[in-house]
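Biologist: Please bring up the model, then let us go through it by question and answer.

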Amino acid sequence: MEKGLIHLYWGDGKGKTTAAMGLAMRALAAGRKVVIVQFLKGTESGEITLLSQLGAQIYRGKAGQKFVFQMTEQEKQETRKIQEEHLRAAMEQSADTLILDEACAALQLGMVDESLLQKAVYEKPQSQELVMTGRNPAKWMMEASDYCTEMHCWSHPYEKGIAARKGVEY
């Protein structure tokens, strides 16, 4: 049995989710079962439709379309409940590759129980490849990772007034 490793793509630069979804494509092409949890994301993004069509099981959604800092306490509680339900459901799947997109932010913002997230990481099946993404990982996430890659932003089109573009940023 091949040992699955833990990946962490983090930082303030573009490319964290892109790297994770690229790995999902590679895993699907190799016949692996891929399960993706997208924390804190509600609106559709380009890769999700295609990955779903290719067989990835995807869990995503939250209470409304607001950012967490804009949510009422009730919306935060509902979002946390949804995020934790998604994570539990994903953990019940026999995934060869499990992607926890924006796990760092979900944890930092209190939108997922830390012990549940740690269980997904520390108690993953031995052969499972596990990927986490986000801006500011907890120290334990970095320590648990076999691959720990920081994406650093040196420049970004948004700084020049260029809005996010379909097919590139989403």
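Modeller: A pocket is searched for on a 1 Å grid over the protein atoms alone; it is an open set of points where a 1.4 Å probe fits, with protein on both sides within 12 Å along at least five of seven lines, and its lining residues have an atom within 4 Å of a point. Grid points are joined across faces, edges and corners, and a volume is the space filled by probe spheres set on them. This is a predicted model: local features need pLDDT of at least 70, side-chain atom pairs count only at pLDDT 80 or more, and totals for chains, interfaces and linings use all residues. Residues are numbered from 1 along each chain as its sequence is written, and side-chain values use heavy atoms, with hydrogens and water left out.

Biologist: How much space lies in the largest pocket?

Modeller: Rolling a probe the size of a water molecule over the atoms shows where empty space is left. For the largest pocket, that space comes to about 1400 Å³.

Biologist: Which lining residues are closest to the centre of the largest pocket?

Modeller: The lining holds 36 residues. The closest to the centre are Thr 17, Lys 41, Glu 102, Arg 135 and Glu 169.

Biologist: Which element gives the most to the lining of the largest pocket?

Modeller: Elements are DSSP runs numbered from the N terminus: helices (H or I) have at least four residues, strands (E) at least two. Helix H1 (16-29) and H4 each give two or more residues to the lining. The most, five residues, come from H1.

Biologist: How do the lining residues of the largest pocket divide?

Modeller: Ala, Val, Leu, Ile, Met, Phe, Trp, Tyr, Cys and Pro count as nonpolar, Asp, Glu, Lys and Arg as charged, and the others, Gly among them, as polar. The lining divides into eleven nonpolar, 14 polar and eleven charged.

Biologist: Is Glu 102 buried or exposed?

Modeller: Glu 102 lies in the loop between E4 and H4. Buried means under 20% relative accessible area, exposed over 50%, partly exposed in between (1.4 Å probe, protein chains only). Glu 102 has 19% relative accessibility, so it counts as buried.

Biologist: What does Glu 102 touch?

Modeller: Contact means heavy atoms within 4.5 Å. Residues up to four places away in sequence are not counted. Glu 102 touches Thr 17, Phe 39, Lys 41, Thr 133 and Gly 134.

Biologist: What is the phi of Glu 102?

Modeller: Most residues other than glycine have a negative phi. Glu 102 has a positive value. Its phi is near 65 degrees.

Biologist: Which residues does Phe 39 contact?

Modeller: Neighbours within four places in sequence are left aside. The contacts of Phe 39 are Gln 83, Leu 87, Leu 100, Asp 101, Glu 102, Ala 103, Ala 106 and Val 112.

Biologist: Which residues of E2 are buried on each side?

Modeller: E2 is mostly covered, with five of its five residues buried. One side has Val 34, Ile 36 and Gln 38; the other has Val 35 and Val 37.

Biologist: Which residue of E4 stands opposite Ile 36?

Modeller: Two strands pair if DSSP finds at least two bridges between them. E2 and E4 pair in the parallel sense over five bridges. E2 also runs parallel to strand E3 (residues 57-60), joined by four bridges. In E4, the residue opposite Ile 36 is Ile 99.

Biologist: What is the bridge partner of Ile 99 in E5?

Modeller: E4 and E5 run parallel, joined by four bridges. In E4, five of its five residues are buried. In E5, the partner of Ile 99 is Val 131.

Biologist: Is Gln 108 buried or exposed?

Modeller: Gln 108 sits in helix H4. Its relative accessible area is 52%, so Gln 108 is exposed.
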